[in-house]
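Please take a walk through this protein model, from its overall layout down to single residues. Keep the sequence beside you as you read.

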Amino acid sequence: MRNTLLLVSIAALAFVPDAVYAQNTSDPTSQIEEQRVLAIEDEYVTAEVSRDEATLRRIVDERFLFNSNTGTTTGKEDFIQSVLKMSMVGQTISERSVVIEGDIALVFGTAELRFAAPGKDESVSVLRYTSTYVKRDGE
């Protein structure tokens, strides 16, 4: 079974090291900073698939909002609880791009989420997403 979600927007406020933010993405330093943003996003994806609650709590900010394709908005606690209950067995991220402006980094990408509940066929959801990372207090 294949489910396709047309658009899901995730606004994730997270702590990212000082060096992650740059004004100009054409210089080598900015490219390194972009890779650091992607590294923390990769850490988040790994935590989501493995249901690593401690890492999710560390990365996801208290002001986090998740906008679903059904029009509902979920805060940090409800979102983490829903991740912990998921039967996700894998996630592939593609087509990522990063925009960094001052203390804010935006990541745009495509995610393929694979789920396998006991006794059921594996299902796949494909979605576009946006993640927002904010630098505060040097992180």
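This is a predicted model: local features need pLDDT of at least 70, side-chain atom pairs count only at pLDDT 80 or more; totals for chains, interfaces and linings use all residues.

Residues are numbered from 1 along each chain as its sequence is written, and side-chain values use heavy atoms, with hydrogens and water left out.

Start with confidence. The pLDDT is the predictor's confidence in each residue, from 0 to 100. The protein chain averages 82, and 81% of the residues score at least 70. Residues 1–25 have a pLDDT below 50. Beyond near neighbours in sequence, that stretch has 97 contacts in the model. A contact means heavy atoms within 4.5 Å.

Now the layout. The protein chain holds three helices and seven strands. Helices (H or I, at least four residues) and strands (E, at least two) are DSSP runs, numbered from the N terminus. Along the sequence their order is β-β-α-α-β-β-α-β-β-β. Of the contacts with a separation of 6 or more, 61% are between residues 24 or more positions apart.

How much of the chain is buried? Of the 139 residues, 40% are. Buried means under 20% relative accessible area, exposed means over 50%, and partly exposed lies in between (1.4 Å probe, protein chains only). The accessible surface of the protein chain comes to about 7600 Å². Carbon and sulfur atoms account for 53% of that surface. These areas come from the Shrake-Rupley method with a 1.4 Å probe, and for residues only the protein chains shown count as cover.

Strand 5 (residues 88–101) and strand 6 (residues 104–115) pair antiparallel over eleven bridges. Two strands pair if DSSP finds at least two bridges between them. M88 stands opposite F115 in strand 6. The two strands form a hairpin with two residues between them. In that turn, G102 has a positive phi of about 60 degrees.

Strand 6 also runs antiparallel to strand 7, joined by twelve bridges. Here F115 has S123 of strand 7 as its bridge partner. Strand 7 (residues 123–134) is mostly covered, with eleven of its twelve residues buried.

What do the buried residues of helix 1 pack against? They meet helix 2, helix 3, strand 5, strand 6 and strand 7. Among these buried residues are V37, L38, I40, Y44 and V45. The buried set also includes E33, E41 and E48. The length of helix 1 checks out too. At 1.5 Å a residue, its 23 residues should span 33 Å, and its end C-alpha atoms are 33 Å apart, which agrees. The expected span is 1.5 Å times one less than the number of residues.

Next, the aromatic rings. A pair of aromatic rings is described by the distance of the centres and the angle of the planes. Rings of Phe, Tyr and Trp (its six-membered ring) pair if their centres lie within 6.5 Å; planes under 30 degrees apart count as stacked, over 60 as edge-to-face and the rest as tilted. The structure holds two aromatic pairs. F64 and F79 form a tilted one, 4.8 Å centre to centre with 40 degrees between the planes. F64 sits in the loop between helix 2 (53–59) and strand 3 (65–67), while F79 belongs to helix 3 (residues 76–85), 15 residues apart. Both F64 and F79 are buried.

The rings of F66 and F79 have centres 5.1 Å apart and planes at 35 degrees, so this pair is tilted. F66 lies in strand 3 and F79 in helix 3, so the pair ties together parts that are 13 residues apart in sequence. F66 is buried at 16% relative accessible area, and F79 is buried at 4%. Ring pairs link F64, F66 and F79 into a cluster.

Finally, the backbone. Most residues other than glycine have a negative phi. R51 is not a glycine, yet it has a positive phi of about 55 degrees. R51 lies in the loop between helix 1 (28–50) and helix 2. At 29% relative accessibility, R51 counts as partly exposed.

E95 is not a glycine either, and its phi is positive, about 50 degrees. E95 lies in strand 5. Is E95 buried or exposed? At 60% relative accessibility, E95 counts as exposed.
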